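Hi,

Here is the structure for you to look through. Please open it first, then read my notes below.

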Amino acid sequence: ASPNVGPRNPLHDTFVEWASSLEFYLSRGKVTMRATRNTALLQLVIALTLVSLVSCQFFVNLGDKTKGSGTEVGAGGGGADVAGGGDVATGDSQAALQEDWTAFVKWFRSNGGIISSKLTIKVRNGRQGVYFKERMRRGETIVSFPRNLRLDEKTAMKGKAGHIFQRLKSDNCYPDLLVILHIVHERSLGKDSFWNPYFKLLRTSYNNIMGLTEPQMKTLLRRPGCENTYNLGVMMRRTFNNFYEWYKKNIEPWAPPEFQFSRDDMMWGFNTLVTCGWGQQNGNGDKQMVPFSDIPNHRRESAQKASNRGFISAAKEYQAGEELTFDYGLLNDAVLAYYGQPTPDCRGLKR
């Protein structure tokens, strides 16, 4: 957990005032039920969110494609669209994907994790997902997460650039911005990064609400039932702009060359943390990345509920060729805002 580091600057205070009410959204809706003093407040936030949504019509993706209730959405780290699309990936790309998966599994296991040998990764309908190679009985272990594989403030401090993150922390850098910089920096290291096997399975781009122009945002607001996604998009943009402006003003002037990042780099880090990040267990809202927890795609009402600690066992019997999906616990308008993916009932914004 991130310790308190003294008074925040006014920009941080402004951000916290409205961002704290979005913990349910910005934690990807993955709420760990804990009997702590924060539970009552968290339940209140969720209840108010649901009340505000019951009268709204949920809707579909920015590409104007309709899907029915309970459909799968490429919302995980491995849910990125595949270049070229199509129903079947090319032999070369599929072979490269398998190599990346094999390297990730080896890395994950060597650091104390468990991943079932019955899982594999493949591309179907232009979408990357995790699938079963053979039948898995109910109750069998799918994955067990090692506690040491967390991309967060602690691992940033322990890394090669720890001295830089120590300075950022002493300068009262936003905790989430610190993690974003950690993610972007590790990605820039490529094969030299400890986290490289994990990063190779993450998205390289996002077709979500952050990519809309202002006229498109206005069009979105005029669509019936799209107000909540619009408001979430506005808050996401405001948060990113605060982060990026703080980086330009307080970090870029003194940062070494390896910490000179473009706006696109920072946007990728922001989208990755928003879509793949988990809130800390103490409920303070600060985010962390947990390898594998974000790779299976989202499916509403999936038997498997997303988790980032302990282990996940099969909630039902799976057959060979069946996809492993997690229910992220996201409301439909959050799925659209984060991933630009289809949800029921409204045609959404045609780009």
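β2 and β5 (residues 141–144) pair in the antiparallel sense, over two bridges. Strands count as paired if DSSP finds at least two bridges between them. I115 stands opposite V143 in β5. The open sheet has three strands, in the order β2-β5-β9, with antiparallel pairing. Its edge strands are β2 (114–115) and β9 (311–313), and each pairs on one side only. Strands (E, at least two residues) and helices (H or I, at least four) are DSSP runs, numbered from the N terminus.

A word on the source: this is a predicted model, where local features need pLDDT of at least 70, side-chain atom pairs count only at pLDDT 80 or more, and totals for chains, interfaces and linings use all residues. Residues are numbered from 1 along each chain as its sequence is written, and side-chain values use heavy atoms, with hydrogens and water left out.

Next, helix α11 (residues 263–276). From first C-alpha to last, its 14 residues reach 19 Å, close to the 20 Å expected at 1.5 Å a residue. The expected span is 1.5 Å times one less than the number of residues. In α11, 11 of the 14 residues are buried, so the helix is largely enclosed by the rest of the structure. Among them are W268 and F270. Buried means under 20% relative accessible area (1.4 Å probe, protein chains only).

Last, F104. Not counting residues up to four places away in sequence, F104 touches I115, P197, Y198, L201, P291, F292 and I295. Contact means heavy atoms within 4.5 Å.

Best wishes

Definitions and conventions
Buried < 20%, exposed > 50% of the residue type's maximum accessible area, 1.4 Å probe, protein only.
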